[in-house]
Amino acid sequence: METQMMMETQLPAELLFPSKEKSFLGDRMIDRDFVQPIENRPKLSETEAEGIPLIDLSAVLQNGDCDETIVSQIGNACRVWGFFQVVNHGVSEGKRLEMEKVARSFFGQSVEEKREVRRDEENVHGYHDGEHTVNVRDWKEVFEFALESPYLLPRSQNPDAAHEISEVYNLWPKHPPQMRKVSEEYGKEMEKLGFKLMALIARSLGLPADTFEPFYKTQTSTVMLTHYPQCPFPHLALGVGPHSDSGALTILYQDDVGGLEVKRKSDGEWVRVKPIPDAYIINLGAVIQVWANDVYESVEHRVVVNSTRERFSIPFFFNPAHDTMVKPLDGLTDGRNPARYTPYNWGMFDASRKLSNFRKLDFKNVQIDDFKISN
Ligand SMILES: O=C(O)CCC(=O)C(=O)O
Ligand SMILES: [Fe+2]
């Protein structure tokens, strides 16, 4: 094994890549930027996850956030997996279908057309196809918009420099013409589900249902329409490299192709999240991990691509106001169970991540471990 890995890393790149194939970005061979280090390359033999909990929220729609059974199912799912799926969630299927339709139509345009709404360091949302996760380029293209426009983004690492907070406005393409309306309506649906889930998560931690509301007076939530084109090198590249989400809560819709894999907490195996029609996949981000003082964790996941089918997904990142100081919640800490993190400013964390996405870094990205108190 050792020898084989050595040989493979020493091979010239040209020999690692079959020659005639083209990447989705033009008629080039796969760019070296997409090639994952050997330890991150997927095996492509799917273990479909048995046991990622599927939770039926219909009782919540009727009884609000006081349904004890659902609260305890959510608590278990958060502790054991950090991931779960929900059905009967109340999101309008019609609105989701329209969102999918306009996403497909937008991505169906030429790269030049899509790049008319290309994001840059000023306008951090919009279209882009150059994201790197842990310094390797993702095999995907995305269009991202914020629920609140302007979106406030600190431009300085000094929390007192209020004047250095920039207002970022959403960019909307000319085509398809209904993109803005459909996207804004879908965003509202996601927000409703987000608040419902946060109330249930608060209750599952033994806290009042409205615990998280003060952090969401304004928001930095975004919807990211994502397209993973067919990839001739699914054994070398990933749609999204291994990462855990840096915000609070992610609510993801995936089509029927599949490819999202979760690192199972019990044994570290990568397991595939089964596509279930009309379900949403929920996962906890780093902000909830800190709020919950490590009672819940933000779990690593990645996206495997395939050579025969393109895939679409729509993550919604439900994130608090930019000036939120993230720290373990009072109700979860005491003398015997002290806070495990020092407070950090969410907007500055967000800005550092968003701006680093534009380049391949030669330093490690900011992460919650940087704020961990070592005992
Ligand atoms: O597309 C997916 O299935 C997951 C995407 C994801 O993990 C992300 O964008 O953070
Ligand atoms: Fe993610």
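**View 1. Helix α5 (residues 93–107) packs against α7 at an angle of about 140°, with the two axes 9 Å apart.** Here axes are lines fitted to C-alpha atoms, for helices over the stretch in contact, and angles run from 0 to 180 degrees between N-to-C directions. That makes the pair oblique, the label left over once angles under 35 degrees (roughly parallel), over 145 (roughly antiparallel) and 65 to 115 (roughly perpendicular) are taken out. This is a predicted model, where local features need pLDDT of at least 70 and side-chain atom pairs count only at pLDDT 80 or more, while totals for chains, interfaces and linings use all residues. Residues are numbered from 1 along each chain as its sequence is written, with chains lettered from A and ligands numbered from 1 in the order in which they are written.

**View 2. Who touches whom between α5 and α7.** On the α5 side, look for Lys95, Arg96, Glu98, Met99, Val102 and Phe106; α7 brings Met179, Val182, Ser183, Glu185, Tyr186 and Glu189. Contact means C-beta atoms, placed from the backbone, within 7 Å.

**View 3. Leucine 200 sits in helix α7 (residues 179–204).** Helices are DSSP runs (H or I, at least four residues), numbered from the N terminus. Leucine 200 counts as buried because 25 C-beta neighbours lie inside 10 Å; the cut-off is 20 or more other C-beta atoms within 10 Å, placed from the backbone. Aspartate 67 is 133 residues away from leucine 200 in sequence, yet 8.8 Å away in space, C-alpha to C-alpha.

Definitions and conventions. Helix = DSSP H or I, 4+ residues; strand = E, 2+ residues; numbered from the N terminus. Buried ≥ 20, exposed ≤ 12 C-beta atoms within 10 Å, placed from the backbone. Contact = placed C-beta atoms within 7 Å.
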